[in-house]
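Please open the structure in your viewer and follow the selections below in order.

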Amino acid sequence: MTNTQSQAPAATTVGELRKSGHVARSVRDEMRANLLDKLRAGDDPWPGILGFSNTVLPQLERALIAGHDVVLLGERGQGKSRLLRALVQLLDEWTPVIGGSELGEHPFDPITPASIRRAAELGDDLPVQWRHRDERYAEKLATPDTSVGDLVGDVDPVKVAEGRSLGDPETIHFGLVPRAHRGIVAINELPDLAERLQVALLNVMEERDIQIRGYNLRLPLDVLLVASSNPEDYTNRGRIISPLKDRFGAEVRTHYPLELADEVAVIAQEARLEAVVPDVLLEIVARLTRHLRESPSVDQRSGVSARFSIAAAETVSASAIHRAAVTGEPDAVARPVDLATVIDVLGGKLEFESGEEGRERDVLEHLLRRATADAVQAHLGGIDMAGLVSALETGPAVVTGERVPATELLDSLPDDDAVDETAERLGATSDGERASAAELALEGLYLARRISKDVEDSAAGGRTVYS
């Protein structure tokens, strides 16, 4: 979770811990205090979380200050899991636990029979270990094979075979939730959890204890339970039962980025781009994603995940690397021609409406043209392209494509001020970036129906000719 860790405190026994002035506090008190400290100091409590500043995060912060368990509700690819994992940063960096205890209990507050016995026997010599906050987060993806034993616990037959009686609480093997004592438990896709398993969580959330196979064992657990869920109106896999839903103190609705800049920032942050991908191409990918989310041809109940735009940017980058390898270019720089690869390989990530069967590619190509035209208008509007159009009318055509290197494209361009102004507008300096900028200008002229464009299929070389 974190890249660097400070040195753990020095106390190794409960006596030393008391002398140090350490004060025990619950997980909720800990997170509330640390969150408020960050807010007062003007620090960002949510580094790396984009697009939620004025909507989701204030709601989540109020829920944490109130000490509520939280369920995040939203379509796929809205960053719910990332947001849940970010909660770890609100825990104290180091917390003391009883050395060797199964549930990591606080040295001042043992809760299992074994730890209570050890604390009574050893007194101030009870050993103390320090646990980093990264170890205090447990995450479970709800799957059909999940059992009550996985979440809460069950009788351990090995311990029974060692000679303990079945009624001995120490024969219990604890599950994920009690092992997260004094930490955070996150359950992804909560509706996928069978209803009988959701019932097993009721005591944990309300009474803060667990019941295992009728054992008279009360463990006052200190856990923050958080979960993610898709809207029930389109999920056919299950639902959150009403008593469990009632026990969550807060339900926070997530969303896709509301602003284009946030959409681009998410792509830039999450995508692994090995080639140079100009910002304007990332913007076109973001615009395409947003058009898909508004299109009546796409099933909006399942959403268009941010993973689509991230994968699209990575595909564009990979196309540039492929061209550089084939043509021997020294630098791999993505160009608008690489955007077509998104349609080739990523259409299967989308759910189309039933009436659009057979038209999926047409829909994607149309929306990609719209996204490109929007970006051209936003960045190149006002540039006088008349000279470039005239040069193409009287001179040779400009050829580009997935196997045409940047220098070859630049050499075929007419000598016109519009080419230089386009490069300046887009901050293009290298040959690859200038070729990408020029290609975008040509595509914009084609979309404005001022020049023609002929595209060969891949078998014929995949060339694109502007004339």
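Begin by selecting helix α13 (residues 279-294) and helix α16 (residues 360-380), which pack at an angle of about 130 degrees with their axes 8 Å apart. Helices here are DSSP runs (H or I, at least four residues), numbered from the N terminus. Axes are lines fitted to C-alpha atoms over the stretch in contact, and angles run from 0 to 180 degrees between N-to-C directions. α13 and α16 are therefore oblique to each other; angles under 35 degrees count as roughly parallel, over 145 as roughly antiparallel, 65 to 115 as roughly perpendicular and the rest as oblique.

The model is predicted: local features need pLDDT of at least 70, side-chain atom pairs count only at pLDDT 80 or more, and totals for chains, interfaces and linings use all residues. Residues are numbered from 1 along each chain as its sequence is written, and side-chain values use heavy atoms, with hydrogens and water left out.

Next, display the side chains of Leu-288, which touches Phe-308, Val-342, Leu-364, Leu-367, Leu-368 and Ala-371, not counting residues up to four places away in sequence; contact means heavy atoms within 4.5 Å.

Which residues touch the most other members of the largest nonpolar core? Of its 58 residues, they are Ile-284, Leu-288, Leu-292, Phe-308 and Leu-442. Such a core is a set of buried (under 20% relative accessible area, 1.4 Å probe, protein chains only) Ala, Val, Leu, Ile, Met, Phe, Trp, Tyr and Cys residues joined through side-chain atoms within 4.5 Å. Then select Leu-151, Leu-202, Met-205 and Leu-219, which are among the 30 residues of a second, separate core.

Finally, move to helix α2 (residues 27-41) and helix α3 (residues 56-65), whose axes come within 9 Å and cross at roughly 135 degrees.

Conventions
Helix = DSSP H or I, 4+ residues; strand = E, 2+ residues; numbered from the N terminus. Buried < 20%, exposed > 50% of the residue type's maximum accessible area, 1.4 Å probe, protein only.
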